[in-house]
Amino acid sequence: MTSADEGQLSQLGRTFKRFSEETYTGSSSLYAALSGSIAEDTDVLEIASSARGRPVPNLLFAAVHYLLLSGAESTLSSFYPSLNPEPRPNSESYPHFREFCLAHESAVRNLLSNRLVQTNEVGRCAYLLPAFSLIASENPGLPLSLVDIGTSAELHLLWDRYSYEYGNCVVTGDKSSGVRIQAEVRGTKIPPIPDSFPPVALRIGLDLNPIRLTDPDSALWLRALIWPEHERRAAQLEAAIGLAIDNPPTLIAGNALETLPVVLDRIPAESTLCIFHNYTLNQFSQEDGGQFNSILDKFSMDKDVHLVSGEGRWGHDYATLELVKIKAGCRSSRKLANVDFHGKWLEWGA
């Protein structure tokens, strides 16, 4: 077991502090309280340093949540709304969290070193839908060929199997679906929400470690990644998992920089290519990002590429939705909207 040096722990402490102030505030009061205390606790930071993935705070909390959901007995579970309908005050939670991490150090470290943050937030389809609709309207008569980079459990690829309710009571999609996505529309511009969805010719997901939803343990890990207070998200995930098991898209495991060129060769000529990603490219190195762009630029010499990007930025409590069209190596970019990290709201600007 390798110990982190003082500089690494200090940096990790600053990360937890930032998450307590910027990421969890207003969304998970439990994690906001816990992460603020973790930032000052060298013992717990040492355990957290075992993480091979990012972001470390989300990964540590998911590991602990997973163990609790798996049945690990601890007074800590009494603070989790996902495990206790009347949770105890967050202000009293940290001693119990610390005790749990130290008592289950081996199990926590094992999860941190072997699992990744692969939150497949179904609610993000609330802003993917108008982006796909816009692309389809600008390429009439052609079905979409969809490629999801960092697909995790492929749930975003099934966006047209869900129903949608936007804040102004607009309901669209498959109204019989067990998955109903609700989102608030902010601002004065109305996003392009179609009455009927464009046809899909192909849907493929790429991921280093795609989650197989027929494996109960993998499905439980997805559940553990959802923050304890987010009961509607958890119920939505469960419904989407059931739908995906019955309608599985194509998943390809491996480095996207190696698998993407092979997939692009399979795109039907009479279709509109739409590649999309959510909170994925932030895990790419600068070199990998350059290679990713080179692959798309090269392919665009033969076929137009539409790239939909939903990525967060440090210092902002929202993400940016952008659309890049690549034609013969030339790029044109449009900011479509500001969006909530989990798709709770969107402010259309295109």
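Is C101 buried or exposed, and what is its relative accessible area? The views below are taken from a predicted model.

View 1. C101 belongs to α5, which covers residues 94-103. With a relative accessible area of 0%, C101 is buried. Leaving aside residues up to four places away in sequence, C101 touches I47 and V64. L220 is 119 residues from C101 in sequence, and their C-alpha atoms are 19 Å apart.

**View 2. Helix α1 and its buried side.** The 18 residues of α1 (residues 6-23) should span 26 Å at 1.5 Å a residue, and the 25 Å between the end C-alpha atoms agrees with this. Buried in α1 are L9, L12, G13, T15, F16, F19, S20 and T23. These residues cover an arc of only 155° around the axis and therefore lie on the same side of α1. Their cover includes α2 (29-38), α3 (42-48) and α4 (56-69). At the start of α1, the backbone nitrogen of G7 has a side-chain oxygen of D5 within 3.1 Å.

**View 3. The aromatic pair of Y31 and W227.** The whole structure holds 15 aromatic pairs. In one of them, the ring centres of Y31 and W227 are 6.3 Å apart and the planes meet at 65°, so the pair is edge-to-face. Because Y31 is in α2 and W227 in the loop between α8 (216-225) and α9 (231-246), the pair ties together parts 196 residues apart in sequence. Y31 is buried at 1% relative accessible area, and W227 is buried at 8%. Both belong to a cluster linked by ring pairs, which also includes F16, F19, Y24, F61, Y94 and F97.

**View 4. Arginines over aromatic rings.** R115 lies over the face of Y66, 5.2 Å from the ring centre. The charged end of R186 sits over the ring of W345, at 4.1 Å from its centre.

Definitions and conventions
Residues are numbered from 1 along each chain as its sequence is written. This is a predicted model: local features need pLDDT of at least 70, side-chain atom pairs count only at pLDDT 80 or more; totals for chains, interfaces and linings use all residues. Side-chain values use heavy atoms; hydrogens and water are left out. Helices (H or I, at least four residues) and strands (E, at least two) are DSSP runs, numbered from the N terminus. The expected span of a helix is 1.5 Å times one less than its number of residues. Buried means under 20% relative accessible area, exposed over 50%, partly exposed in between (1.4 Å probe, protein chains only). The arc is that of the directions from the helix axis to the C-beta atoms. Contact means heavy atoms within 4.5 Å. A polar contact is a pair of N or O atoms within 3.5 Å; within protein, one must be able to donate a hydrogen and the other to accept it, and residues adjacent in sequence count only if both atoms are side-chain atoms. Rings of Phe, Tyr and Trp (its six-membered ring) pair if their centres lie within 6.5 Å; planes under 30 degrees apart count as stacked, over 60 as edge-to-face and the rest as tilted. A charge sits over a ring if NZ of Lys or CZ of Arg is within 6 Å of the ring centre and within 35 degrees of the ring normal.
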